[in-house]
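Please keep the sequence and the 3D view open beside it while reading.

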Amino acid sequence: MKTAIYPGSFDPITLGHLNIIKRAAVCFDKLVVCVMVNSEKVNRGLFTPEERVELIRRVVQKLPNVEVDCSSGLLAEYARQKKACTLVKGLRAVSDYENELQMALINRKLNPRLETMFLPSSAKYTYLSSSVVKEMARYGSDLSDFVPREIIDDINAKMAAKLGG
Ligand code: PNS
């Protein structure tokens, strides 16, 4: 059984993430989408990790070999626990590469059986990120080209609560 992990902050999941999930899911027996802590973004979250998991579950419910989880630990250790041999990462632009290469090398150092596979993002989503989505939500823009339809209301409500409070 070949298990891969697609880790990320997913705050919130975007159509770019979903595109990577669908393409990776056909390559492995099981794909675990794992919401993890990015120490550089730790105090900038819109959704809690549990809320992010719930949003992702809603979006991937028709993909039978995709599981959703969260972890606050080290990715290399999480992969060991899940008996996963591959990490999947999406690359939008060359600017993503340097940081992702460093993380891939660290993760393999910590867990020598762990490979990282990079999937180039679909051309139509190269500009898209969770940060861009949050910025647009802040100004009340239409999010339908950027995030799955099922979660638009959640993002708008969360942003309104954050700005109101
Ligand atoms: O979507 P992001 O923010 O680019 O995802 C980055 C993430 C969460 C995958 C990365 O920060 C991560 O792997 N965090 C878990 C802790 C860890 O294992 N760090 C790398 C080795 S020090």
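1. The count of disulfides, where a disulfide is taken as a pair of cysteine sulfur atoms within 2.5 Å, comes to zero. For C27, which is in no disulfide, the nearest cysteine sulfur is that of C85, and it is 12 Å away. In general, a disulfide is a covalent bond between the sulfur atoms of two cysteines. The sulfur of C70 has its closest cysteine sulfur in C34, at 6.7 Å, which is too far for a bond.

2. Before going further, please note that this is a predicted model, in which local features need pLDDT of at least 70 and side-chain atom pairs count only at pLDDT 80 or more, while totals for chains, interfaces and linings use all residues. Residues are numbered from 1 along each chain as its sequence is written, and side-chain values use heavy atoms, with hydrogens and water left out.

3. C27 counts as exposed because its relative accessibility is 52%, whereas C70, at 30%, counts as partly exposed.

4. Which residues make polar contacts (pairs of N or O atoms within 3.5 Å) with the ligand? A side-chain N or O atom of K41 is 2.7 Å from an oxygen atom of the ligand, a polar side-chain atom of N38 lies 2.8 Å from a ligand oxygen, and L75 contributes a backbone N or O atom, also placed 2.8 Å from an oxygen atom of the ligand. On its own the ligand has 540 Å² of accessible area (Shrake-Rupley method, 1.4 Å probe), and the protein covers 76% of that area.

5. The loop between β1 and α1 (15–25) holds P12, and the peptide bond from D11 to P12 is cis, with omega near 0 degrees. F10 is found in that loop too; although F10 is not a glycine, its phi is positive, at about 50 degrees, and F10 is buried because its relative accessible area is 3%.

6. P12 is also one of the residues in contact (heavy atoms within 4.5 Å) with I155, and others include L46, F47, V133 and L143, with neighbours within four places in sequence left aside. I155 belongs to helix α6 (residues 152–164) and counts as buried, at 0% relative accessibility.

7. T3 lies in strand β1 and, at 4% relative accessibility, counts as buried. Its contacts, not counting residues up to four places away in sequence, include K83 and C85. K83, in the loop between α3 (75–81) and β4 (86–91), has a positive phi near 55 degrees and counts as exposed because its relative accessibility is 70%.

Key
Polar contact = N/O pair within 3.5 Å; in protein donor to acceptor, adjacent residues only side chain to side chain. Helix = DSSP H or I, 4+ residues; strand = E, 2+ residues; numbered from the N terminus. Buried < 20%, exposed > 50% of the residue type's maximum accessible area, 1.4 Å probe, protein only.
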